[in-house]
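Please look at the sequence and the structure below. The paragraphs that follow go through a few of its parts in turn.

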Amino acid sequence: EQRRAKRRAESLFQAVLRGSPHPSAIVDRATMHVIDGSNSFAREFLGDARFPTAKTITDLIHFSLPERIEQLLARGSGAALHTVYYAGGTGHVANVRCYSVEHEGGRYDFVVLEDITEQHYLKAAFDAIGDAVLVIGSDGKLLYANRGAEELFGSTLYFGMDIEPLLSRTSMPDRWWLRRTSSRFDEHRFVVNDQPHSATSVVFRFAGEPNESTILTLHNIAEEEELQRLATHDALTGAYNVRHFESIVPEHVAAGGTMALIDLDYFKPINDELGHAAGDAALITFANVIRDELRGVDVFARLGGDEFAVVLPRASLTEAQATMERVYSRLERTPLRFDGKARLLSASCGITRIAPDDTAASLKARADHALYDAKHQGRGRFVVAN
């Protein structure tokens with residue numbers, strides 16, 4: 001009865017071995033020959049032959065590095081991960097695992113090939129993406145991070161970690177990475193390591209799971225923002241350039257407010273007497289003085305040379321004059337310092353109210369006329385257009 005039970009158990013083991021979906025083989029350690037295995041192993045590597053064979057596993061399978069498998073079998077246990085082998089002229093990637101067993105006085109290796117070709121190339125594709133990609137489960141745990149994410153966040157990433165401490169920002173909504181609109185993609189501006197990123201999330205559901213998971217992609221936009229800044233800003237002073245200023249004036253005309261044109265007085269003598277470097281320093285100093293007295297909503301631009309413009313949305317003439325008085329007061333306290341010398345700066349300004357029927361041209365012409373009056377009256381002052 002014990003012998004019959006043992007035969008039944010061995011028969012069951014052999015049936016399980018034969019039915020294994022992974023190509024599996026039993027290797028006799030005395031000869032290193034493959035003596036038994038799964039049907040999947042026989043189909044893929046034996047052709048018309050049958051078990052047992054008088055060949056080693058490296059005779060039957062074309063491994064790219066057969067010495068790795070020979071070393072694994074010699075040890076009798078362990079794994080050779082991401083092993084490349086060829087079958088039917090096609091390359092495959094597998095994790096080859098080996099388990100050493102003893103049976104009735106003999107020693108054997110049980111070898112299993114776990115084909116990971118699809119996962120390997122899928123991971124390689126994700127790792128080749130320059131953007132950081134995170135897959136986040138419905139429970140807020142990290143399921144996957146590509147190489148871009150590992151480079152961005154460093155060694156802090158691991159499977160199953162709580163993603164909230166990593167992504168939370170006081171300036172952003174709670175769990176901002178979860179999609180909340182009907183749009184397929186939600187985009188946020190996310191800063192990590194002092195670098196701005198465009199963050200987009202896509203919701204999907206793994207097969208068999210009732211809840212949704214999220215694919216979060218972080219794209220570094222520092223270079224794009226810098227290109228945008230260079231396209232819209234004056235390189236020397238950091239103010240808007242004339243092209244961008246002219247493009248946004250119409251919307252401010254519709255909203256109302258005031259506009260001021262400001263010229264730096266006696267700019268040519270600064271260039272002639274102290275040089276162009278001093279002229280650049282004067283423009284930078286002048287622009288910083290004006291910028292420091294403006295509101296966040298005010299639009300400040302360099303129109304060219306030493307001429308600047310300021311649009312103060314929804315500001316009255318009284319408020320605009322108060323702003324310019326602060327600018328003039330700060331100018332008196334902020335001389336140009338260059339090459340060990342200090343020189344007070346002066347400015348002339350024309351201020352006008354934005355009328356509902358104004359165009360960019362009529363608005364500028366009226367402010368320009370007031371600016372000319374300021375220069376005619378002796379400079380160093382502002383004039384309000386009637």
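Ala278 is located in helix α11. The model is a predicted one. Because its relative accessible area is 0%, and buried means under 20%, Ala278 counts as buried. Setting aside neighbours within four places in sequence, the contacts of Ala278 are Ile270, Leu336 and Phe338. Ser247 lies 31 residues from Ala278 along the chain, and the C-alpha atoms of the two are 31 Å apart.

Two packed helices are described by the distance between their axes and the angle between them. For helix α10 (residues 267-274) and helix α11 (residues 276-292), the axes come within 6 Å and cross at roughly 140 degrees. On the α10 side, the residues in this contact are Phe267, Ile270, Asn271 and Leu274. They meet His276, Ala278, Gly279, Ala282 and Leu283 of α11. By class, the contact has 6 nonpolar and 3 polar residues, with no charged ones.

Helix α2 spans residues 39-46, and its buried residues are Ser40, Phe41, Ala42, Phe45 and Leu46. An α-helix has 3.6 residues a turn, so residues three or four places apart point the same way. The cover over the buried residues of α2 includes the helices α1 (2-19) and α3 (57-60), together with the strands β1 (24-28), β2 (34-37), β4 (78-87) and β6 (106-115).

The surface comes last. Leu143, Phe159 and Phe206 make a nonpolar surface patch of about 300 Å². Of these, Leu143 sits in strand β8 (residues 142-145). Leu143 counts as partly exposed because its relative accessibility is 31%.

How values were computed. Residues numbered from 1 in each chain as written. Predicted model: local features only at pLDDT ≥ 70, side-chain atom pairs only at ≥ 80, totals over all residues. Heavy atoms only, no water. Axes fitted to C-alpha atoms, helices over the stretch in contact; angles between N-to-C directions. Helix = DSSP H or I, 4+ residues; strand = E, 2+ residues; numbered from the N terminus. Contact = heavy atoms within 4.5 Å. Nonpolar A, V, L, I, M, F, W, Y, C, P; charged D, E, K, R; others polar. Patch = residues over 30% accessible without salt bridge, like charges linked within 9 Å, V, L, I, M, F, W, Y side chains within 5 Å. Areas by Shrake-Rupley, 256 points an atom, 1.4 Å probe, with all protein chains shown as cover. Salt bridge = Lys/Arg side-chain N within 4 Å of Asp/Glu carboxyl O. Buried < 20%, exposed > 50% of the residue type's maximum accessible area, 1.4 Å probe, protein only.
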